[in-house]
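Let's take a walk through a protein chain together. Have a look at the picture below, and then we will go through some of its parts.

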Amino acid sequence: MPLPKPFRREGGDHRVSVLKSPTLRSLAQWSLFLAVAVAVFSYIASGLNEPMALPTHPVSRAAPSGEPRTTSDTPASKDEAGSLATHANLPAAANLPAGLQTSSRQTSGLHTSSFQATVEDLNAEFRRHWQQRGVEPAPPADWYTLCRRLSLALVGSGLSLEEVRYLQTVPEADRARVCRERLLRDERFVQYWGERLTRTFVGAEEGPFIVFRRRRFVTWVRDQLRDNRPYDAMIRDMITARGLWNDQPQVNFLTVTMDSGEEEGQVDVTRLASRTSRAFLGMRIDCLECHDDFLGNVTLGSASDSREGTQQDFHQLAAFFSVARFNGLQGIADQEHAYRYQYLHEDEAVEVPPEVPFDRDLADPNLPPRRRLARWLTHPQNRQTARAAVNRVWALLVGKPMTDPVDDIPLHGPLPPGMDRLADDFVAHGWNLRRLIRVITATDVYRRDSRAPFEVSERHEQAWALFPVTRLRPEQVAGNVIQASRVKTLDSEGSLFGQLQKFTESNDFVRRYGDLGEDEFDLDAVTITQRLLMLNGKLVSEHSGSNPILNACTHIAMFATSDEQAIETAYLAVLNRPPSGRERETFLARLEAHPRRQAIEDLYWVLLNSSELGWNH
Amino acid sequence: MNKPAICNRSHHFSRRSLLKSAGGGLFLSPLATHLARAAETDAGGGRPKSVILLWMAGAPSQLETFDPHPGSRIGGDTTAIKTTSGSLQISSLLPQVAEQMHRAALVRSVTGKEGDHKRAVYNIKTGYRPNPSIVHPSIGSVLCHQDESGADIPRHVSILPDQSPSRGGYLGPTYDAFKVYDPASPVPDVRRRTSPERFHRRVDDLLDVVEGEFSRGRLPDLQRRRTLHTTATRAALTMMDSDQLAAFDVSQEPQQIQQAFGDTPFGRGCLAAARLIEVGVRCVEVTLGGWDSHVNNHELQSSACETLDPALAALLQTLKDRELLEDTLVVCGGEFGRTPNINPLGGRDHWPHGFSTLLAGCGIRAGAVHGATSPEPDLKSDDPVAKNVESPVTVADLHATILNAVGVEHDKVLDTPIGRPMHLSEGTPIKSILS
């Protein structure tokens, strides 16, 4: 390699005389050394040299060479077991980490034929639905789209370039399954779903000071997910929680309500009734707190003898929690305590007995109140609880619930196609959330494209013949921006600096962008504030600017061997897809007309600002 | 989903009032003069009503602000002073405001049912108690929703927002307040970070090429009815290039005016609020914290009053001078009041059972006072409102009054996104303070 121009010995060039100074020569040598070191480090860090084998990632336990080579991901012959037990190079199930083991209840859930049967049933049900609605389904999405979808749903951000490159080494038919199994075993899945489920259970507020420890509760939910604990057991733990909020984190489900309610210093039984109904039964019965239903919004009773909800239904549900008393240093304990309420148009308050709002024969009257409620909620024949879980998980995966709003599932229907089949499978296989995720993501309906070669309309989307285009949460947008600017996967095994940077940047961005709170699945449009933040804000600017140490766009500008490769790499890193012909032509022209680094930065900025980055599709 | 509304023109900027002001308007600001010409092309008609909400975060003490009881056992160290409104007296901690009270009305008997900050903030800002099934819109969001005409800049602005800026609720985040901080600093994210030429090249590639590719084969009205990405981007670009952005820049005001508001972020916020109303913004919320005085009540309330006093007084005077007060409602209050009793730490705790709110302008009867609290309250009563408050009104009543004053039917019913009919307010206007 020729020396840089200032260092060449050329006749009487005055620059040579400058280098005669030992100090300056030493300085120059060190500068050169450092420049080379930075370049080499950047090149290695950029990961642009080779497709990656991800040797240190958790998924490396399922090394590519050991992957079963199926010709297609559907029917999901390998979907159920994934890459867990069938891989020769994996440790025996007993030696797997807790998060990868399955309980005896859940082992039955790993029966491949039952898994396949469920998926095929669902596919058939949706096919009938499309025929009945007279809509043609969109073609299957390509693997890029499907894997991005999975990544957004399971870990909250798009794929890293490292992950895309790895998946490119896997046979195309296996990519979606391999991607899903990697993500399900990734600690980021536990972190992300822990936060999302926490919002379902206790809301997005910080709650009352001292008696509510949000972080403890999130950690508890994450532990349950890591251990793959059955969902019904989680519900029972929360409903019957006792003790102190620090020692028994599930107690926070109750104590988060201690800043409201009629009785100071005690849990708010009406808020708990509302939360229980919405989070676990997927039903909005809040209006019954003040009056009987007169709009036909809340239907209870049995399927053959349905009736409108009453104030009694709500307050009898609330009465289950009246025994949960805050008792100083012991925290929450069960104590005899009657719930009294003055109904509308009545002259005085009456004692309200605890009673479930429907399917009363499934409640065991011999159990104490909170245990009775918990057992009734998770009774295998109480389909409503399983439906609520299915609708929630579907919404987290797809971005839109099967029936909208997510917590307003009509008790006696009509229900969307597939809901009861999924609910029954969920209960039959031990309320196993991972199995539910695998089943949903293996179905044909999950794999539809969000575009079609024929004219599509809202009817297609409503019939699930077209994958819905849904907005991402602010932290997903931030996660996408930050991840797109790095070649390597930003996971929990990354550097402390990287973690801290991601946390700080993400929090700051979400604060400005606007947290969605619990309104997670609304299809609201983007706002001016959000657009300004993306157009001119610090996060996008810093992650698309020149930074030879950290930023992928600079690495691409430095190391991509051709303009075409640079454009394609940028698209893969940011949008997880290759560019279209028109896009390629446009940006090739930009690269020819402007300095390379500037043109790549511009390209990055454009992609980070696209609606495609901020919306799931 | 509600119809998305991103404003782009100042249709409601009254040509008549502007030109009238320009003709004899000694006090017409240079900004308004500059914008008057643009407004000439707009349709005539009355100037739409606007709201400035001075949000006292943390809950001010009624006894140290607008409802003092000096000499009583609950009065503490605060004395009262005469005002320009007849026999009305307010706290001596607000001497400049006292000189403006002939322009304002007081409601001294507001009662709520929320004693927790977060829940009470929601209650006061929306008129409804928190309900897990729905998020209600704030006053500014309702106002913007009811009249879609707009300005180049967002019509709902929150200056110095705390943890709970006003939200669009079920009307959608399009109606959320646009958040800005101390007007001494530029508005965030409105300055492009590259040269104009490079920036526009980027935007062209974004909107023409990448967005075009995203829409290919997808729902034909995806952008128009769902993402609004292009529309919002263009609105953001319009805002970035708008002269109206100058309304945020209070340094353009004469030194004398700036000094009158006080050299504080809140004072600058109030001045910016007046300037924003001038260019067509419909609701500006300016937040002042420091009122949560569980210890050393008198010191903390005095300190906060020092900031509030010049700013509120100058705001009323400036709005009057610029002929904006007739169409601008000023509301000053917090989430609840503070306990009549002083606790062992010299503080006052949370008290939703009778507290004060100031209202001025926009059809509010100047000098009116509604309700009263007892100087010798029975604090052990099971029903402190019935025992200690004369002519009590609810938070919902306060909301109905505000909506009424700004020309919005308070009992109008809107459908929420799930089709649930919902009144804008479930209260009754306080007639005694409406002219």
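Start with helix α21 of chain A (residues 528–536): eight of its nine residues are buried, so this helix is largely enclosed by the rest of the structure. Buried means that 20 or more other C-beta atoms, placed from the backbone, lie within 10 Å of the residue's own. Among the buried residues of α21(A) are A:Ile528, A:Arg531 and A:Leu535.

A word on where this comes from: the model is predicted, and local features need pLDDT of at least 70, side-chain atom pairs count only at pLDDT 80 or more, and totals for chains, interfaces and linings use all residues. Residues are numbered from 1 along each chain as its sequence is written, while chains are lettered from A and ligands numbered from 1 in the order in which they are written.

Now step back to the whole chain. Chain A has 617 residues, and 50% of them count as buried. Chain A holds 27 helices and eight strands; these are DSSP runs numbered from the N terminus (helices: H or I, at least four residues; strands: E, at least two).

Next, find helix α15 (residues 383–398) and helix α17 (residues 433–442) of chain A, whose axes come within 10 Å and cross at roughly 60 degrees. Axes are lines fitted to C-alpha atoms, for helices over the stretch in contact, and angles run from 0 to 180 degrees between N-to-C directions. Residues are in contact if their C-beta atoms lie within 7 Å. On the α15(A) side, the contact includes A:Val390 and A:Trp394, and on the α17(A) side A:Leu436 and A:Ile440.

Methods. Buried ≥ 20, exposed ≤ 12 C-beta atoms within 10 Å, placed from the backbone. Contact = placed C-beta atoms within 7 Å.
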